[in-house]
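This report looks at salt bridges. Where do they sit, and what do they join? The structure comes first.

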Amino acid sequence: MKYRNLGNLKVSAVGYGCMGLSHGYGLTPEKDRAIRLIRYAYESGCTFFDTAEGYGIGENEKLLGEAVRGFRNKIVIATKFGGPRIEGDRLVPKEYTPAEIRQHCEDSLKRLGTDHIDLYYQHRVSRQVSPEEVAYCMGELIKEGKILAWGQSMATAEEIRKAHAITPLAAIQSEYSMMERSVEKDVIPTCEELGIGFVPFAPLASGFLSGRIRTGNKYEGDDVRGVISRFKDENIAANEPLLALVRQFAADKNTTPAQIALAWMLCKKDFIVPIPGSRKEERIRENLGAVDVELTAAEFSSLEAELSGIAIHGNRTDEDIVFGLKDKTPK
């Protein structure tokens with residue numbers, strides 16, 4: 001395994017996103033099976049595990065804590081406080097005060113069964129509690145040893161700068177993949193300028209870039225792909241040029257489309273650490289194996305040039321639908 005730094009945290013260059021073991025992708029695996037998958041990821045070289053109190057209403061944190069009990073101090077655990085809440089018929093960020101942040105931190109520590117959180121994210125930046133106030137609270141938690149480092153999720157460049165000026169950020173987590181590149185405009189450059197790590201979630205576009213998505217698939221329950229417009233049949237067909245490109249590069253490199261998508265991301269910047277999730281051992285092994293796929297400068301430039309000419313059809317998750325605030329039934 002190769003390693004990278006997120007602030008003062010040393011982590012495997014590819015992490016493991018635990019959300020899908022409890023939430024977000026339909027039917028979840030049995031507890032024993034989920035624990036085996038987490039342990040398999042560790043045994044395969046992964047040392048960076050991502051969860052949140054909002055995944056399965058705390059159950060994901062409990063699951064991760066139990067799974068890593070035997071090797072807790074050999075890994076980096078990232079979790080998140082807060083997230084959207086319902087206000088009338090709208091979804092808005094929960095406005096956590098410093099006192100509430102402290103309580104949620106204590107609750108996460110208990111669920112994880114640990115005495116510290118390595119990386120503690122604000123799940124969504126508040127509109128009422130300023131980034132500076134949250135950053136000061138995080139600085140106090142760091143001094144007390146409750147957390148080792150902190151980060152923001154889905155933050156703007158301005159929010160990053162405001163927070164970082166008070167208590168330096170270790171990482172920013174946002175959606176990023178070949179299909180969702182908006183953070184390249186200012187968020188990733190801001191991270192590079194300030195020395196902040198960047199952690200992409202959905203680096204394989206919720207499985208789309210694995211090349212295994214087909215038209216006619218049905219997504220049930222809380223499976224977010226049921227509300228991501230990229231997974232509509234017409235958009236799957238329209239995005240075929242991207243998959244064709246990735247498949248061709250994979251064939252040329254004797255690897256897989258998923259590994260090409262992750263290798264491209266790792267080649268972009270040395271402070272990027274993707275966290276793909278999977279519920280199969282072979283997919284975990286495949287994703288972690290992307291660290292060994294080397295793209296030459298010429299290959300990377302060619303891939304970038306080809307990607308720049310491909311239009312992406314569909315967009316990211318409608319969170320109002322994911323959290324049940326709008327009907328997802330087609331009209």
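## A bridge within one helix

Glu-158 and Lys-162 form a salt bridge, with N to O at 3.3 Å. The term means a side-chain nitrogen of Lys or Arg within 4 Å of a carboxyl oxygen of Asp or Glu. Both residues belong to helix H5 (residues 157-164); they are four residues apart, so about one helical turn separates them. Helices (H or I, at least four residues) and strands (E, at least two) are DSSP runs, numbered from the N terminus. Lys-162 is partly exposed at 35% relative accessibility. The classes are buried (under 20% relative accessible area), exposed (over 50%) and partly exposed (in between), using a 1.4 Å probe and protein chains only.

## Basis of the model

The model is predicted: local features need pLDDT of at least 70, side-chain atom pairs count only at pLDDT 80 or more, and totals for chains, interfaces and linings use all residues. Residues are numbered from 1 along each chain as its sequence is written, and side-chain values use heavy atoms, leaving out hydrogens and water.

Arg-230 meets Glu-175 in a salt bridge at 3.6 Å, N to O. Arg-230 lies in the loop between strand E11 (197-201) and helix H7 (233-238), and Glu-175 in strand E10 (residues 171-175), so the pair ties together parts 55 residues apart in sequence. Both Arg-230 and Glu-175 are buried.

## A network

Glu-304 pairs with Arg-181 in a salt bridge; their closest N and O atoms are 3.4 Å apart. Glu-304 sits in helix H11 (residues 297-308) and Arg-181 in the loop between E10 and helix H6 (187-194), 123 residues apart. Salt bridges with shared partners join Arg-181, Glu-184, Lys-268 and Glu-304 into one network.
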